[in-house]
Amino acid sequence: MECFNSTKLSSPCTSSILNLQGSSSLVCNKFSKNSVHPWLLSSPPPKPIFQLDDRLQYRQKSAHRTYRGPILAEAGKQGWDLGPKKSMESSGIVLVVGATGGVGRRVVDVLQKKGLPVRVLARNEEKARKMLGPDIDLIIGDITKESTLLPEYFKGVRKVINAASVIVGPKEGDTPEREKYSQGIKFFEPEIKGDSPEMVEFVGMRNLINAVKGSVGLRNGKLLFGCEDNGFRDLAWGALDDVVMGGVSESTFIIDTTGGEKGGPAGLFKGVVSTTNNGGFTSIRTKNFSVPEDLSSYDGLELRLKGDGRRYKLIVRTSRDWDTVGYTASFDTTEGQWQSIRLPFSSFVPVFRARTVSDAPPFDPRSIVSLQLMFSKFEYDGKLNPTFVEGPFQLPVSSIRTFIKDPVTPRFVHVSSAGVTRPDRPGLDLSKQPPAVRLNKELDFILTFKLKGEDLIRESGIPYAIVRPCALTEEPAGADLIFDQGDNITGKISREEIARICIAALESPYALDKTFEVKSVIPFSEPFTVDLENPPQEKDYDIYFKDLKDGITGKELLEQSPVPV
């Protein structure tokens, strides 16, 4: 069976011992020639099973490790039939920012009523607990101050609703309950209170995105190895072959600067595999990462590679121990074709020395320590690899990254404002526009910076939805709605309705990467009320989301020539 008791350098001409226990840095490099990973020590280990500590001293590991009750699996299947599975722990917390505002507090209320886990980011603890309850999951921070957004605050957060906004109030003051503000700036002369629009809508947005990006995930996944943005993110790989069993197989891993799909760099796992002396496997393994990778916001790993018709294994470890369980997924390749191989985390099987392990802990993507690629005669539990042949092989790998499974839904829903593209729109009659559009300059370019904040979301790579309400009111939800795109409509909309729309958008693939405006059909001149004993049914917002189009923001109108009015 496969047994990884000692290793050799991944070099065509040099054999030595690899330090797989020390830390490993992940860096982006640009390559001028093929490179080999040279982590060398000068002498073999004194015992066959070993690991190296940070002082580069040998520490013997016990060879007597027994796991009982193996899980049986059929060879040749991508998904192993393992029977009942232990569920992966995932908190799935929804973070609400701006939770003490008119929309934010309603978002919190609806989420709690739905039984969903909620965390609140607020500046004032006393105010937040008084408004939202003493038991609310609360973190204290200020999006305008990056230093207050500590990484540990966002552990477990998978989705964000951002209802934070610059504060606008009457110049003459307001009541403690902000009754004048609740009517909308149509009814008073406004001014900015507190932090400027630039700080809240732009700087604050940038800080918030940077704070949550690692928790909520990126639409195109997180790159672990390979090309991105004209650079190459490298990992320290080394060869682990069947020499530990007396075999003679050999492998190496190099960076081929022109071996990628489009002539760029790619890693090349290659070698010669032989069954001589009861051998029959080769592999490459990374050095332990200096900081474990938390990939819990994703659903699996995706390899971009050029197949050779053989079946390989990807092994992921969550322990820094040398000789330990590896969570393993087999995958088939197509000869001569570049292909993307997606391996869901749920498909990784706990394996120790080619035997599945029934009592291993569930795979935990929050703490990934190393990766390993293997070509082997052996599958699991005595089964054989049906594609195995002796002799030379090579597997070009251009990237390894995470992925979010389809259908992807928004991970970041932002409450912006209708009108953000209008202050600079050519040919627009400002006298017919809402006060915020007319007073954009007087209000320190509030809409201009709201638009800049939107752009930061669109450029962030986070799956998003941007909701642009028309004038917000204290009226109840339930009125018929008009959704639009292009930033043209005016009207009013209930804060409660916007809260419900935001929560619905988090679960709708139709809302993914969409920007849209929304208002009710009720004109300003008519109040809207509901019968509390017979309230309207909650809407299926997908009816509206389904008609939304990609790429429409209203910014396209800013490029047009002025039109005579």
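Two strands are taken to pair if DSSP finds at least two bridges between them, and strands themselves (E, at least two residues), like helices (H or I, at least four), are DSSP runs numbered from the N terminus. The model is predicted, so local features are given only at a pLDDT of at least 70 and side-chain atom pairs count only at pLDDT 80 or more, while totals for chains, interfaces and linings use all residues. Residues are numbered from 1 along each chain as its sequence is written, and side-chain values use heavy atoms, with hydrogens and water left out.

With pLDDT being the predictor's confidence in each residue, from 0 to 100, the chain averages 84, and 80% of the residues score at least 70. Over residues 3-90 the pLDDT stays under 50, and the model has 233 contacts beyond four places in sequence for this stretch, a contact meaning heavy atoms within 4.5 Å. Residues 561-565 likewise have a pLDDT below 50, with 7 contacts in the model beyond near neighbours in sequence.

The strand pairing can be followed from β11. Strand β11 (residues 223-228) pairs in the antiparallel sense with strand β24 (residues 391-403) over 3 bridges, and leucine 223 has arginine 401 in β24 as its bridge partner. Strand β11 also pairs with strand β12 (residues 231-234), again antiparallel and over 3 bridges, with glycine 226 standing opposite arginine 233 in β12. Strands β11 and β12 form a hairpin with 2 residues between them, and in its turn aspartate 229 has a positive phi of about 55 degrees.

An open sheet of 7 strands, with antiparallel pairing, runs in the order β13-β16-β23-β18-β19-β21-β22. Its edge strands, each of which pairs on one side only, are β13 (237-239) and β22 (355-356). Within this order, strand β19 (residues 326-332) and strand β21 (residues 349-352) pair in the antiparallel sense over 3 bridges, and tyrosine 327 stands opposite proline 350 in β21.

Several backbone features lie in loops. Aspartate 406 and proline 407 are joined by a cis peptide bond with omega of about -5 degrees, and proline 407 lies in the loop between β24 and β25 (412-415). Aspartate 487, although not a glycine, has a positive phi of about 65 degrees and is found in the loop between β28 and β29 (492-494). Aspartate 513 also has a positive phi, of about 55 degrees, without being a glycine, and is found in the loop between α7 (495-506) and β30. On the scale used here, buried means under 20% relative accessible area, exposed over 50%, and partly exposed in between (1.4 Å probe, protein chains only). Aspartate 487 is buried because its relative accessible area is 0%, whereas aspartate 513, at 24% relative accessibility, counts as partly exposed.

What lies in the interior? A nonpolar core is a set of buried Ala, Val, Leu, Ile, Met, Phe, Trp, Tyr and Cys residues joined through side-chain atoms within 4.5 Å. The largest such core has 43 residues, of which Leu301, Leu303, Leu314, Phe331, Phe348 and Leu371 touch the most other members, and β24 gives the most to this core, with 4 residues. Leaving aside neighbours within four places in sequence, leucine 371 is in contact with residues including Leu224, Trp237, Phe289, Leu301 and Ile400. Another core, of 38 residues, lies apart from the largest one and has Ala99, Val107, Leu132 and Ala465 among its members.The structure also holds 20 aromatic pairs, in which rings of Phe, Tyr and Trp (its six-membered ring) have centres within 6.5 Å, with planes under 30 degrees apart counted as stacked, over 60 as edge-to-face and the rest as tilted. The pair of tyrosine 153 and phenylalanine 154 is edge-to-face because the ring centres are 6.3 Å apart and the planes stand at 65 degrees. Tyrosine 153 counts as partly exposed at 21% relative accessibility, whereas phenylalanine 154 is buried, with a relative accessible area of 1%. Phenylalanine 483 and phenylalanine 516 form a stacked pair, 5.2 Å centre to centre and with 20 degrees between the planes. This pair links distant parts of the chain, 33 residues apart, with phenylalanine 483 in strand β28 (residues 481-484) and phenylalanine 516 in strand β30 (residues 514-520), and both residues are buried. Elsewhere, Phe269, Tyr312, Phe331, Phe375, Phe388 and Phe393 form one aromatic cluster.
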